[in-house]
Amino acid sequence: MGSICSETSISQIRSSFSSLLVSKLPIDQNEWEGYFDESGHLVKSWDFISSIILDRGLDPSVRSEAWKFLTGYYPWSSSRDERLMVEGMRRKNYESLAKMYSKIQPLLEMEHRGFSQVRRFINSDLQRLYTRDAQGQTRVDKKQMEKILLLSYVCNVEAEYQQGFCEMLLLFHLLAEQEHEIYWLFQFFLQKTEHSCVMNIGVGKNLIMLKALIAFMDPTFAKHLEGKGTQVIQSLFPWFCFSFQQVFKSFYDVWRIWEVFLIGKPCRNFQVIVAYTLLQTVRDQILRENMGGDDILMLCGNLVDLDADQLISEACSTYDRLLEHADKVRGRASPGRQLGMALAGLKGKGHRVMVSTDLPQVPAALMEFFTRARK
């Protein structure tokens with residue numbers, strides 16, 4: 001079976017969507033305000049608004065408020081008065097957590113070796129973090145960032161601190177003004193995306209499913225990667241840990257892809273579709289030059305300054321092709337050995353996944369991972 005997507009088709013997709021995106025303006029302040037009634041209740045459904053966000057994105061003027069709905073900071077059905085109460089509750093809860101942390105911090109520093117180690121990691125990452133704007137002015141307070149990251153580490157048992165959290169938190173500093181807003185938006189974002197960006201929760205599964213997706217959609221490419229060593233795909237983990245921050249040319253593009261991850265459209269685990277789409281942009285070069293593991297990783301590392309709208313459009317097209325290809329494959333009698341072996345890796349790690357060598361059932365197992373989002 002040949003590749004589903006060639007370099008030519010990628011170029012055609014880029015060209016067609018570039019022309020479409022010219023006329024697609026993001027949701028601005030006037031449009032956003034029109035989604036509410038006089039009491040401040042949203043009159044548009046989650047499905048309607050999330051579909052518009054997928055298609056057009058959010059203007060910077062509304063992103064701060066809109067993200068409070070997308071992350072769960074605000075209840076979707078809340079009124080204006082109810083949101084004022086929520087805001088007060090978030091502030092009060094944050095102040096209580098910060099007060100508790102200040103009391104136990106000396107004990108943690110003396111008795112908890114893990115805390116001291118994490119603090120060193122955070123300080124090291126913050127020293128490397130560039131926090132000045134084009135005029136050389138400091139945009140954020142690194143001491144405040146350290147406080148929030150340490151508080152997050154102490155309060156969040158599952159999402160341990162990892163490289164990439166500093167860069168992630170920086171974007172929330174630029175998105176919100178108040179310290180409690182920054183903290184809670186960061187926490188809710190991690191909860192919403194933990195199965196895509198948190199190393200000890202979801203990154204490993206994403207890599208296994210990326211390998212499975214390549215095996216199903218592009219067996220020629222899968223065979224090449226397999227022949228260059230089992231660690232090629234595994235080494236792409238920074239894409240997920242950093243939520244693809246490194247590949248974009250601006251903060252706007254990072255926020256744009258993140259809000260698509262938050263809405264869960266066009267499917268769950270869209271981050272794996274995005275990673276597959278990125279690989280497809282360099283797929284032909286890798287095969288043509290018979291690249292090995294180190295060269296592949298260097299080539300993928302050079303994927304930078306990308307446009308988020310364009311990548312989202314291409315990834316949506318990839319998902320459509322996945323659905324079409326799954327429909328074509330269903331009913332064939334040949335065994336799906338490559339995908340079955342890839343999915344077996346999940347079973348070995350304790351994940352409940354249906355694995356079969358009967359090819360009509362294999363797409364169902366893969367598609368289960370990309371189940372369309374529900375509110």
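**Core.** I started with the largest nonpolar core, which has 116 residues in this predicted model. By nonpolar core I mean buried Ala, Val, Leu, Ile, Met, Phe, Trp, Tyr and Cys residues joined through side-chain atoms within 4.5 Å. Buried is under 20% relative accessible area, exposed is over 50%, and partly exposed lies in between, with a 1.4 Å probe and protein chains only. The residues with the most contacts inside the core are Trp-67, Phe-172, Trp-239, Phe-244, Trp-258, Leu-322 and Phe-370.

I then looked up Trp-67. Not counting residues up to four places away in sequence, Trp-67 touches Leu-58, Phe-172, Leu-175, Leu-185, Phe-189, Trp-255, Trp-258, Glu-259 and Leu-262. Contact here is heavy atoms within 4.5 Å.

**Ground rules.** Residues are numbered from 1 along each chain as its sequence is written, and side-chain values use heavy atoms, with hydrogens and water left out. Since the model is predicted, local features need pLDDT of at least 70 and side-chain atom pairs count only at pLDDT 80 or more, while totals for chains, interfaces and linings use all residues.

**Whole chain.** I get 19 helices and 0 strands for the protein chain; these are DSSP runs numbered from the N terminus, helices being H or I with at least four residues and strands E with at least two. Buried residues make up 51% of the 375 residues. Of the contacts between residues at least 6 apart in sequence, 76% join residues at least 24 apart.

**Helix 7 against helix 8.** The axes of helix 7 (residues 142–155) and helix 8 (residues 165–175) come within 11 Å and cross at roughly 115 degrees. Axes are lines fitted to C-alpha atoms, for helices over the stretch in contact, and angles run from 0 to 180 degrees between N-to-C directions. From helix 7, Gln-144, Met-145, Ile-148 and Leu-149 meet Phe-165, Cys-166, Leu-169, Leu-170 and His-173 of helix 8. I count that contact as 7 nonpolar, 2 polar and no charged residues.

**Met-145.** I picked Met-145 out of helix 7. Met-145 counts as buried because its relative accessibility is 0%. Beyond its neighbours within four places in sequence, Met-145 is in contact with Leu-126, Leu-129, Val-140, Cys-166, Leu-169, Leu-170 and His-173. Met-145 and Leu-126 sit 19 residues apart in sequence and 8.3 Å apart in space, C-alpha to C-alpha.

**Helix 11.** Last stop: in helix 11 (residues 219–227) I find Pro-219, Phe-221, Ala-222, His-224 and Leu-225 buried.

Key:
Ala, Val, Leu, Ile, Met, Phe, Trp, Tyr, Cys and Pro count as nonpolar, Asp, Glu, Lys and Arg as charged, and the others, Gly among them, as polar.
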